[in-house]
Amino acid sequence: MIKAVLIGSTLFSAMSGCSGGDPGMPVSTQPPIVAPAITQQPTGQTVPMGLTATYTVAATGDSLQYQWSKNGAAISGATGTMYVTPPTAFADNGANFTVAVNNSAGSIASNAASLTITARAPSAGDLRFQQVDAPSTVNGWGNAGVGLSTLLSGRSAQDFAPSIGTPFWVGSAGNCGVTPVTNGLGCAWSFSELPFTVSASSPTLLAGFGSDLFDSFQADLQDIMWPGFGTGASPAAAASVITSLDLEPENVLFAVSWIQTAQPTAFERVQDTVPTANIQAAASQEGVSGRVITAISNNAGAITYLSYAWQADTATIYEAQVVTASPTDAPTAAAGLAAQGFIITATGLADSSGNNILLVGTRVQGDTMARPFVAAQGSTEVETMMQQGYANVAVIVDFSNSTDPYTYLGER
């Protein structure tokens, strides 16, 4: 500020400042921009072909911007802390993903995170493949509740929703965990889950188990009201796939297990009975026709099977392989199928002795990539299998193993 002062007859001028400081210094300063620093690197992912992979990064700094790259090439629109790939293809195997984080103070690149592709995942919503790589299992069953034993004694039925159920037990005790000469049907397990987020890709699932008189078998499978839960739960529903079949004409009974979705969809069932020697040819023909065998049972010396087409995919051709094994050898036989890319879609007895088991493996034509496979015994191994995202495709009973006769077969 300039002031004028009159002293005598002379006018003087003087400079003064309100702050009393150096008028050449700024009143305030901006803090420096914090350069980016990555605190959590993206990690490698392993996913089945056809599913997406998710990469994430965490960083500190001001006004951060992100750019993801695949094999060194920037990905259009991938500018967030998370990147979700499109559905993967076999050509993506071995790809590397990085992210550059930058602001006006600098830029930093992440470590490379790899992508490993395993055998093809069934299409979302396809109930014909025992929930292998489905939203209900692929991220692990870690949020599942307590396993519930389902005893089907004579004419009875139960369902659990939302839940994932195992197929019927099959092996040295017959189908369903009983010998053929007992007057009753047997057991399965339903892992009743805590709710998933229900969406188009993760529908609510229901596991059902029902039995009735043998003479009612054909009528029941056409009756949308059977077994009469009053909830719409029925193996005859268009959104249902029967996953196990036990025909016991000598006991005048039959049993089925099925899985059902709340998502609008349509599966079309075919039923046939062939001599045991012809089951391989029948399975191959079903695959050529775009159908998948999901349930088989010995029926008075012949094999009755159920297969399904799916209206959401009428173009895919499948290859099927049927193997026969004893209860003791069945896990090894199942591992051999998985090594060739097959998913076990049906299990049953080859005859009434309980000493010969049929395993039906199905794969998309030409898909020979090996599948991850486990054979789990005991509650600890089964829990680990579920937490690792394996779907339970079969339960084998071998009472020659006195320690733990039940072996759960899991595939991814």
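This is a chat about a predicted model of one protein.

Reader: What should I know about the model before we start?
Author: It is a predicted model, in which local features need pLDDT of at least 70, side-chain atom pairs count only at pLDDT 80 or more, and totals for chains, interfaces and linings use all residues. Residues are numbered from 1 along each chain as its sequence is written, and side-chain values use heavy atoms, with hydrogens and water left out.

Reader: OK. How many helices and strands does the protein have?
Author: Four helices and 30 strands. Both are DSSP runs numbered from the N terminus: helices are H or I with at least four residues, strands are E with at least two.

Reader: And what share of the residues is buried?
Author: Of the 412 residues, 46% are buried. Buried means under 20% relative accessible area, exposed means over 50%, and partly exposed is in between, with a 1.4 Å probe and protein chains only.

Reader: Switching to helices. Which residues of α3 are buried?
Author: In α3, residues 330–339, they are Ala330, Pro331, Ala334, Leu337 and Ala338. Down the axis of α3 they fall within an arc of 115 degrees, so they line one face of the helix. The arc is that of the directions from the helix axis to the C-beta atoms.

Reader: Why would a helix have a face like that?
Author: An α-helix has 3.6 residues a turn, so residues three or four places apart point the same way.

Reader: What do the buried residues of α3 pack against?
Author: Six strands are listed: β25, β26, β27, β28, β29 and β30. Just after α3, Gly341 has a positive phi of about 95 degrees.

Reader: Which residues have the most contacts inside the largest nonpolar core?
Author: Ile357 and Leu409, in a core of 23 residues. β25, α3, β26, β27 and β29 each supply at least two residues of this core. A nonpolar core is a set of buried Ala, Val, Leu, Ile, Met, Phe, Trp, Tyr and Cys residues joined through side-chain atoms within 4.5 Å.

Reader: What does Ile357 touch?
Author: Leaving out residues up to four places away in sequence, its contacts include Val170, Val323, Ala330, Leu349 and Ile396. Ala330 is one of the buried residues of α3.

Reader: Then which residues have a positive phi without being glycine?
Author: Gln130 is one, at about 55 degrees, and Gln131 is another, near 65 degrees.

Reader: Last one. How many residues of β23 are buried?
Author: Eight of the eight, residues 292–299, so β23 is largely enclosed by the rest of the structure. β23 pairs with β24 in the antiparallel sense over seven bridges, where pairing needs at least two DSSP bridges between two strands. Their hairpin has two residues between the strands, and Ala300 takes a positive phi near 55 degrees there.

Key: Contact means heavy atoms within 4.5 Å.
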